[in-house]
Amino acid sequence: MRSGRDVDKFAEMNLTPVEIEGVSAPAIKESPLSLACRVTEIKELGSHDMFIAEVVGVMVDDRYMNESGKFELNSSKLVAYSHGEYFGLGQKIGKFGYSVKKK
């Protein structure tokens with residue numbers, strides 16, 4: 001809610017900036033997953049713009065990788081922001097590929 005021009009957000013939130021491949025902006029060391037993206041296209045949609053981007057760098061905290069190499073998103077205690085409210089995520093509600101699942 002405050003501009004980076006006025007406050008050092010990393011310092012205020014006790015976060016550590018780290019380099020991530022592909023971009024000059026820092027990633028956040030404490031984040032379970034960081035994706036560095038380069039915008040390739042901007043589509044004007046009237047009330048807002050949609051940004052199409054290419055992922056050029058990935059940083060994953062090893063604490064959230066299981067023994068088979070799968071990223072365990074739920075164990076990261078993911079939080080989502082929507083219209084002034086924060087929500088904790090993590091309840092599995094379905095699975096992709098139900099109709100083509102091997103028996």
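**Entry 1. Terms and model**

I take helices (H or I, at least four residues) and strands (E, at least two) as DSSP runs, numbered from the N terminus. With that naming I place N14 in the loop between α1 (9-12) and β1. I note at the outset that this is a predicted model.

**Entry 2. Overall layout**

I looked up the secondary structure of the chain and recorded 1 helix and 6 strands. Along the sequence I read these elements in the pattern α-β-β-β-β-β-β. The chain is more spread out than a compact globule, because its radius of gyration is 17 Å, well over the 13 Å that the globule rule gives for 103 residues. Along the principal axes, I found that the C-alpha atoms of the chain fill a box of roughly 55 × 40 × 30 Å.

I then looked up burial and recorded that buried residues make up 12% of the 103 residues in the chain. For charge, I recorded 14 positive and 15 negative side chains in the chain, and the centres of the two sets lie 11 Å apart.

**Entry 3. Strands β3 and β4**

I examined the pairing of β3 (residues 33-44) with β4 and found that the two run antiparallel and are joined by 11 bridges. For L33, I identified V60 in β4 as the bridge partner. The two strands, β3 and β4, form a hairpin with 4 residues between them. In the turn of this hairpin I noted G46, which has a positive phi of about 95°.

**Entry 4. Strands β5 and β6**

I next examined β5 (residues 79-82) and β6 (residues 85-88), which pair in the antiparallel sense over 4 bridges. I looked up two bridge partners in β6. For V79 the partner is G88, and for S82 the partner is E85. The hairpin of β5 and β6 has 2 residues between the strands, and I recorded a positive phi near 50° for H83.

**Entry 5. The loop between β4 and β5**

I placed D61 in the loop between β4 (49-60) and β5. Is D61 buried or exposed? I class D61 as buried, because its relative accessible area is 16% and the cut-off for buried is under 20%. Leaving aside neighbours within four places in sequence, I found D61 in contact with S31 and P32.

I placed K77 in the loop between β4 and β5 as well. K77 is not a glycine, yet I recorded a positive phi of about 55° for it. I class K77 as exposed, because its relative accessible area is 70% and the cut-off for exposed is over 50%.

**Entry 6. Loops on either side of β1**

I returned to N14, in the loop between α1 and β1. N14 has a positive phi of about 55°, although it is not a glycine. I recorded a relative accessible area of 66% for N14, so this residue is exposed.

I then placed E19 in the loop between β1 (17-18) and β2 (27-28). E19 is exposed, and I noted its relative accessible area as 80%. How far apart in space are E19 and K29, C-alpha to C-alpha? I found 9.0 Å for this pair, with the two residues 10 apart in sequence.

**Entry 7. The segment after β6**

Last, I looked up Q91, which lies in the segment after β6. Q91 is exposed, with a relative accessible area of 72%. I recorded a separation of 7.9 Å between the C-alpha atoms of Q91 and N74, which are 17 residues apart along the chain.

Definitions and conventions
Residues are numbered from 1 along each chain as its sequence is written. Side-chain values use heavy atoms; hydrogens and water are left out. The radius of gyration is taken over C-alpha atoms; the globule rule is 2.2 Å times the number of residues to the power 0.38. Buried means under 20% relative accessible area, exposed over 50%, partly exposed in between (1.4 Å probe, protein chains only). Lys and Arg count as positive and Asp and Glu as negative; His and the chain ends are not counted. The place of a charge is taken as NZ of Lys, CZ of Arg, CG of Asp or CD of Glu. Two strands pair if DSSP finds at least two bridges between them. Contact means heavy atoms within 4.5 Å.
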